[in-house]
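The sequence and structure are shown first.

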Amino acid sequence: MAAVRLSAMAVVVALLWVFGGTPAATAVDDPGLATFYEQTLSWEPCGKDLQNGTQGDGASPPPGFRERLECARLEVPRDYAHPTRSTMQVQLIRLKATGPGERLGSLVINPGGPGASGVNYLIDSGSAFARLGQRYDIVSFDPRGTGHTEPISCGSKLTTGGDDSLAAKEKRINEACGRYSGGLLRWVGTPDVARDMDVLRAAVHDDKLNYLGFSYGTKLGAVYAHEFPDKVGRMVLDSVEDPTKNTWQTALAQARGFQQALDDFAADCLRTADCPLGTDKSRAREQLRTWYQQLSERPMKVKGETVDETTYVYALREALYSRSDWPALRQALAQLRRGDAAGILRLSESGGGSATRTVPAPRVGQDELPPQDQLALRAIACRDTSERYDADDYPRAERELTNASPLFGPDIAPLMLDCYDWPVAGDDSSREVAAPGAPPLLLVATTNDPATPYEGAFNMARELGNSSVVLTFHGEGHAAYTTQDPCVQRHVDDFLLNGVLPKAQTSCG
């Protein structure tokens with residue numbers, strides 16, 4: 001569909017559009033979009049460049065799993081206001097329903113980020129949705145600017161200049177993104193991705209979108225509900241972003257959240273006989289800060305890799321996304337106490353391809369660019385907000401974030417400069433999530449979630465305004481469904497498979 005032509009069906013749609021109606025299966029408000037909504041997907045075995053995912057957790061999929069994967073390309077308008085001018089190809093992937101039971105259509109999954117590859121996520125983690133995959137085709141995709149869907153590119157190396165300040169470097173990164181991806185940056189925002197999902201819904205022949213989104217994926221799902229309330233099917237938002245907070249407020253909430261999670265880890269560690277943090281809470285906090293200072297002053301080498309204070313903080317943060325990683329963190333800190341940083345390095349690398357992550361990897365060298373998924377995160381986040389903080393704002397940000405968390409605050413503070421002099425304007429419409437005409441959603445919130453604090457789910461439910469239900473998981477970590485907690489999975493599966501929402505104030509854990 002390099003050139004979009006109106007079919008006979010499109011003419012019908014145009015007439016209906018003029019006279020105030022649209023066919024339910026097409027559901028477009030612009031006759032120029034009809035061809036996109038009518039397209040037929042060509043599913044085929046995934047190519048070698050898509051078969052292996054990231055394999056970030058080292059887990060092996062079940063026998064025959066990868067052979068079941070199918071891939072296709074979805075054609076969508078680059079600019080929905082002018083759909084026939086230019087198009088892009090969205091990379092899709094699916095696992096067909098296995099049975100038994102009646103097929104329910106497709107369940108679209110988004111793993112978060114933003115910037116994370118949904119294709120890699122399904123390859124790496126699709127077996128976690130085996131029960132849902134009996135009755136749904138499990139479908140995921142690489143959103144605009146990520147993975148295999150016109151990935152954001154900012155070149156290979158940064159130009160160096162006389163000003164080596166953090167703000168100057170962030171500005172150079174953003175200028176490079178403008179040079180290499182300037183024609184794409186306006187079109188990677190969440191509202192456009194939500195519209196892509198509606199084209200996807202039609203292309204897989206579903207009247208309603210069934211959806212499971214984690215972390216940033218909850219924002220994407222909520223924006224879809226806002227834009228297409230009459231097309232919402234069964235929708236679950238797990239680890240919910242707070243639509244009432246701006247970038248600054250979200251950064252402060254995350255700093256506090258990760259600090260609380262670290263305190264919880266330390267308290268759990270102190271209950272063991274071999275905890276490397278000492279014998280009481282105050283000593284544990286002091287020890288954690290001491291290692292930070294030591295690695296700042298004297299970075300360590302592990303097989304040619306440098307482990308400094310930034311690597312250390314990132315390792316802590318990675319381990320706090322899931323309580324199941326706490327034993328590995330305890331072991332890594334015990335190694336560090338013996339002068340060996342191998343465990344810290346290993347943990348810092350464990351999230352390189354992970355989904356649901358909400359904050360970037362360690363900052364890179366002065367003349368280096370962040371990895372592609374982090375550039376995509378930056379591009380999407382900067383398109384989704386009009387906030388533009390600069391060098392004058394940074395001292396206050398660093399001060400407030402450090403007060404919120406002496407360890408995590410200084411590491412989060414540089415993110416406030418990500419949109420400094422960004423080449424395109426921001427769009428705040430992605431914070432508009434009111435969807436009173438949509439059926440109730442199921443929101444899943446973890447009480448000690450460091451990345452998307454618990455209260456965000458209740459704020460989202462209120463903003464949606466459609467009687468959505470919050471399921472509370474009393475626990476630690478991010479993305480409750482993937483913790484394999486049987487209570488959480490039972491309620492989520494019952495809703496997605498049978499349409500049964502838990503009662504208000506239901507909790508697990």
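The protein has 17 helices and 12 strands in this predicted model. Of its 509 residues, 56% are buried. Counting contacts between residues at least 6 apart in sequence, 77% join residues that are at least 24 apart.

**A loop residue**

Thr160 is placed in the loop between strand S5 (136-141) and helix H5 (166-181). Is Thr160 buried or exposed? Its relative accessibility is 61%, so Thr160 counts as exposed, the cut-off for exposed being over 50%. With neighbours within four places in sequence left aside, Thr160 is in contact with Arg172 and Asp367. Thr160 and Glu368 are 208 residues apart in sequence, while their C-alpha atoms are 9.8 Å apart in space.

**Disulfides**

A disulfide is a covalent bond between the sulfur atoms of two cysteines. The count for this protein comes to 5 disulfides. When the bonded cysteines are counted along the chain, the pairing pattern is 1-2, 3-4, 5-6, 7-8, 9-10. The table lists three of these links.

| Pair | S to S distance | Torsion about S-S | Handedness |
|---|---|---|---|
| Cys46 and Cys71 | 2.0 Å | 90 degrees | right-handed |
| Cys154 and Cys177 | 2.0 Å | about 95 degrees | right-handed |
| Cys487 and Cys508 | 2.0 Å | about -65 degrees | left-handed |

Cys46 is joined to Cys71 by a disulfide with an S to S distance of 2.0 Å. Which parts of the chain does the pair of Cys46 and Cys71 tie together? Cys46 sits in the loop between strand S1 (44-45) and helix H3 (48-51), and Cys71 belongs to strand S2 (residues 69-77), so the link ties together parts that are 25 residues apart in sequence. Cys46 has a relative accessibility of 9% and therefore counts as buried. Cys71 is also buried, with a relative accessible area of 6%.

Cys154 lies in the loop between S5 and H5, whereas Cys177 is in helix H5, so the pair ties together parts that are 23 residues apart in sequence. The loop between strand S5 and helix H5 is also the place of Thr160. Cys154, at 1% relative accessibility, counts as buried, and Cys177 is buried with a relative accessible area of 0%. Thr160, by contrast, counts as exposed at 61%.

Towards the other pair in the table, the torsion about the S-S bond of Cys487 and Cys508 is about -65 degrees, so the disulfide is left-handed. Cys487 is part of helix H17 (residues 486-498) and Cys508 is part of strand S12 (residues 507-508), so parts that are 21 residues apart in sequence are tied together. Both cysteines of this pair, Cys487 and Cys508, are buried.

Terms used
Residues are numbered from 1 along each chain as its sequence is written. This is a predicted model: local features need pLDDT of at least 70, side-chain atom pairs count only at pLDDT 80 or more; totals for chains, interfaces and linings use all residues. Side-chain values use heavy atoms; hydrogens and water are left out. Helices (H or I, at least four residues) and strands (E, at least two) are DSSP runs, numbered from the N terminus. Buried means under 20% relative accessible area, exposed over 50%, partly exposed in between (1.4 Å probe, protein chains only). Contact means heavy atoms within 4.5 Å. A disulfide is a pair of cysteine sulfur atoms within 2.5 Å.
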